[in-house]
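Good morning, colleagues. Please have the sequence and the coordinates open while I speak.

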Amino acid sequence: MDKNAFQTELDRVAFTPAGREALAEALMRKGDVPARRPMGWARMGLAAALAAVVLAGSALAAGTLWERYFGRLSEPQQELIETLSQELPAAESNGTTMTPLAAFGDQDFYYLMLEIRAPEGTVLPDYSGDEGYYQLFGDTLEESVTLTDAAGRDVLCTLDYSWINDNPGDNVLTAAIRLWSLEGTDLCDGTDKVLHIPGLWVQSPDKIYTPVLTGGWNFNIGTHSGDIESRTPDVAGVTVEDADCGTMTMEYLRLSPLGMRIRHSWTEPREGILPGAALSVVMEDGSEVFLENTVGSCGENWNEEYGPFETPIDLDKAVAVRWGAAEIPLD
């Protein structure tokens, strides 16, 4: 396993030097392979697709605000996000104010809608794909996004984000940020977890970073996570047959309004084959909710992965988890 391959991929994620090394070592242990399915680092088309929607600022309900990211949400979904969302204080540096408009998270994921308001007279335009795109970090370790605990130690995570730019001629830009935990880190255990954002850069297609706004903006997401319920249903005896690898057995399942984590094993390992089964949540109206994406690690005869739902769900209206041909009731 080539550690440099992991290090290259980590160029898209920012950590302190110690954190970057720790993450590379974590990915190397036991031959575990990160299994994240392809996903755009930024949903470049999101702002254009939603440009007709007017963002009214922090006074807008959190659920409505997140339609800019998730797409159309039902009224119950909007109410759910409003219930989950916490208030984080704004941060100011070098004349730029970053204001959390909405924030919520569980063990594995944290969502932050962040308004970036540059000094008056600054213009934050849109960029086409051949011009470049915005990044929250530069190309040096000192220009890294970091997440640290109360002692200043790195909390391992990765992140993706999208941009919303309603008026490319003004000084306001909004980032919809999603953090993913790594190494089993609980992002929302109530302890200090400080997200540090060093500024705003434009990255060219040739990976040349041009600073737009620099400074230091800190947000303690660990103590502003909300009381999000999670469930770990009994999965004893839940199995699914696989044509290549024999019997697959579910060993662990956890779900929250934001996503699911699953671990399963199989009886007949075969080189180059990673068996799995379709995974969804069945709602009381008969609809199914799927994961948008997954990240995970695996061994010879086991796999553990987790991912966010396409949109948050109300667990009180979830009746079962479907895994291939198996159905696990959520009583």
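I shall take confidence first, then the overall composition, then the open sheet, and finally the cores.

What we have here is a predicted model, in which local features need pLDDT of at least 70 and side-chain atom pairs count only at pLDDT 80 or more, whereas totals for chains, interfaces and linings use all residues. Residues are numbered from 1 along each chain as its sequence is written, and side-chain values use heavy atoms, with hydrogens and water left out.

Let me begin with confidence. The average pLDDT of the chain, that is, the predictor's confidence in each residue on a scale from 0 to 100, is 83, and 80% of the residues score at least 70. For residues 1–20, where pLDDT stays under 50, the model has 51 contacts beyond four places in sequence, a contact being heavy atoms within 4.5 Å. For residues 22–59, also under 50, the model has 89 such contacts. Where pLDDT is low, the predicted coordinates should not be read in detail.

Next, the overall composition. DSSP runs give helices (H or I, at least four residues) and strands (E, at least two), numbered from the N terminus; the chain has 6 helices and 18 strands. Of its 331 residues, 50% count as buried, where buried means under 20% relative accessible area, exposed over 50%, and partly exposed in between, with a 1.4 Å probe and protein chains only. Among contacts between residues at least 6 apart in sequence, 64% join residues at least 24 apart.

I turn to the open sheet. It is formed by 5 strands in the order β10-β11-β12-β16-β15, with antiparallel pairing; two strands pair if DSSP finds at least two bridges between them. At the edges are β10 (239–242) and β15 (295–298), each pairing on one side only. From one strand to the next, the twist averages 20°, with axes as lines fitted to C-alpha atoms and angles running from 0 to 180 degrees between N-to-C directions.

Within this sheet, β11 (residues 246–255) and β12 (residues 259–266) run antiparallel and are joined by 7 bridges. The two form a hairpin with 3 residues between them. Tyr252 has Arg263 of β12 as its bridge partner, and Arg254 stands opposite Arg261. Strand β12 is mostly covered, as 7 of its 8 residues are buried.

On to β16, which is joined to β12 by 7 bridges in an antiparallel arrangement. Which residue of β16 is the bridge partner of Ile262? The partner is Glu305, placed in strand β16 (residues 302–308). Glu305 counts as buried because its relative accessibility is 18%. Its side chain makes a polar contact of 3.1 Å with that of Thr294. By polar contact I mean a pair of N or O atoms within 3.5 Å; within protein, one must be able to donate a hydrogen and the other to accept it, and residues adjacent in sequence count only if both atoms are side-chain atoms.

Finally, the cores. A nonpolar core is a set of buried Ala, Val, Leu, Ile, Met, Phe, Trp, Tyr and Cys residues joined through side-chain atoms within 4.5 Å. The largest has 36 residues, and Tyr110, Leu136, Trp163, Ile177 and Leu179 have the most contacts inside it. The elements giving two or more residues to this core include β2 (96–105) and β3 (109–117), while β8 gives the most, with 5 residues. Beyond four places in sequence, Tyr110 is in contact with residues including Leu88, Phe104, Ile177 and Leu179. A second, separate core of 25 residues includes Val240, Met260, Met283 and Ile313.
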